[in-house]
Amino acid sequence: MEPVNSGVAEEPAESADFPEAGEAPTLGQLMLAVEELWPESLAEEWDEVGLVAGHPSAPVSRVMFAVDPTLEVIDEAIEWGAGLLITHHPLLLRGVTSVAANTPKGKAVHRLIESGTALLTVHTNGDSAVGGVSDVLADALGLQNVAPLTPAANGLPEEGIGRVGDLAEAMTLGDFAARVYGILPSVAGGVRVSGDRDGLVRRIAVCGGAGDSLFDEVRASNADLYVTADLRHHPASEAREAAVNGRPYLIDVSHFASEWLWLPAAADALGNVLTDQGLDVEIRVSSTNSDPWDFILTPGGD
């Protein structure tokens with residue numbers, strides 16, 4: 001399959017006019033649309049977001065969204081003919097001294113460049129922005145009057161990391177856990193719950209991805225329950241010890257699953273912006289499950 005984004009535009013993306021109707025926009029023009037939705041200024045200081053590989057003047061007619069830039073995801077994007085792969089997680093979050101193709105990350109970089117597939121990261125800027133990862137999770141769970149757990153330093157009042165909001169009516173922890181399980185893609189780890197199954201919950205805090213650094217903010221929000229991913233033993237144990245009347249209860253989900261929910265919403269949002277600008281791009285969400293676990297054993301097989 002010929003790479004989608006072969007060839008070079010005559011002018012840099014920043015000065016290029018929008019293409020005629022039906023023509024593929026440049027990667028640079030897509031980057032401007034991405035910046036409109038998920039500004040890099042919203043990214044945490046430690047994060048690495050933005051363009052990882054790709055030439056801003058290259059034309060792009062197909063865009064794929066995924067959680068992780070794994071080799072399997074990159075191969076899926078290449079096979080489909082994507083000129084741009086947008087992932088939530090960075091490929092190169094920490095410094096590297098080599099991208100030789102005999103290492104996994106180096107192999108990924110080579111596949112991207114050799115196929116002419118650009119890679120763009122939307123990480124904590126995608127978490128923080130309006131309509132971001134935690135907003136989508138809160139909406140899927142039916143939360144109302146939603147606000148950030150930690151307001152963004154460089155954003156609007158409604159932007160920031162994590163969200164907290166209220167259910168229209170109180171539910172038992174067991175029933176709400178079933179709701180969480182029902183909205184997430186199927187993964188081996190399932191959903192883990194800490195708390196009284198029959199206890200009532202109404203005020204819910206959520207954080208897509210790893211959120212055990214936000215326990216102080218969760219307690220300050222008076223949440224009955226905290227839904228997040230990657231809860232480690234000690235922070236979870238300490239949170240249970242510090243609980244007042246057992247609250248906040250905890251629900252621990254798959255990191256991948258909690259963030260996958262954002263992908264269809266992000267694809268729709270980008271598609272709407274591009275349509276408004278008269279840009280013709282085909283957008284798809286990756287079908288690859290990049291959760292690292294394959295199966296789990298539990299007491300009684302439940």
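The model is predicted, so local features need pLDDT of at least 70 and side-chain atom pairs count only at pLDDT 80 or more, while totals for chains, interfaces and linings use all residues. Residues are numbered from 1 along each chain as its sequence is written, and side-chain values use heavy atoms, with hydrogens and water left out.

**Exercise 1.** Describe how helix α2 packs with helix α3.

Solution. Helices here are DSSP runs (H or I, at least four residues) and strands are runs of E of at least two, numbered from the N terminus. Helix α2 (residues 71–80) and helix α3 (residues 104–115) have axes that come within 10 Å and cross at roughly 10°, where axes are lines fitted to C-alpha atoms, for helices over the stretch in contact, and angles run from 0 to 180 degrees between N-to-C directions. That makes α2 roughly parallel to α3, a term for angles under 35 degrees, with over 145 roughly antiparallel, 65 to 115 roughly perpendicular and the rest oblique. Next, list the contact (heavy atoms within 4.5 Å): L71, I74, D75 and I78 of α2 meet P104, K107, A108, R111, L112 and S115 of α3.

**Exercise 2.** Determine the strand order of the six-stranded open sheet and identify the strands at its edges.

Solution. The order is β5-β6-β8-β9-β10-β7, with mixed pairing; two strands pair if DSSP finds at least two bridges between them. β5 (144–151) and β7 (192–194) each have a single partner strand, so one side of each is left without a neighbour in the sheet. Within the sheet, β6 (residues 160–172) and β8 (residues 200–210) pair in the antiparallel sense over six bridges, and R163 stands opposite V206 in β8.
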